[in-house]
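Hello,

Here is the structure I said I would pass on. My notes on it follow below.

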Amino acid sequence: LFTIAKDVKIQVEFNPAAVSEYRLVGYETRALKREDFNNDRVDAGDIGSGHSVTAIYEITPKGSGAEQVDPLR
């Protein structure tokens with residue numbers, strides 16, 4: 001394995017006018033706290049030569065009525 005990227009961190013932001021809820025599927029153990037994203041001391045994932053990473057999100061469109069979390073106050 002030849003590492004081509006060390007401590008890879010990816011940040012995804014959804015438009016709150018279009019998406020009311022989201023959930024990253026399959027990477028629950030790799031999620032970083034908001035304050036750790038810019039902290040280079042916190043270990044993140046590595047990507048090897050010839051490898052790819054796919055992130056799948058489950059989203060709830062705004063106004064769909066399928067929201068499972070109570071709105072913030």
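Which residues form one aromatic cluster? They are Phe14, Tyr22 and Tyr57. Please keep in mind that this is a predicted model.

Aromatic rings

The structure holds three aromatic pairs. In one of them, the ring centres of Phe14 and Tyr22 lie 5.0 Å apart, and the planes meet at 45 degrees, so this pair is tilted. An angle over 60 degrees would have counted as edge-to-face, and one under 30 as stacked. As for solvent, Phe14 has a relative accessibility of 25% and therefore counts as partly exposed. Tyr22, its partner in the tilted pair, has a relative accessible area of 52% and is exposed. The cut-off for exposed is over 50%.

Salt bridge

How many salt bridges does the structure hold? There is one. Arg23 is joined to Glu58, and their closest N and O atoms are 2.8 Å apart. In general, side chains of opposite charge can pair when their charged atoms come close.

Regards

Technical notes: Residues numbered from 1 in each chain as written. Predicted model: local features only at pLDDT ≥ 70, side-chain atom pairs only at ≥ 80, totals over all residues. Heavy atoms only, no water. Phe/Tyr/Trp six-rings, centres within 6.5 Å; stacked < 30°, edge-to-face > 60°. Buried < 20%, exposed > 50% of the residue type's maximum accessible area, 1.4 Å probe, protein only. Salt bridge = Lys/Arg side-chain N within 4 Å of Asp/Glu carboxyl O.
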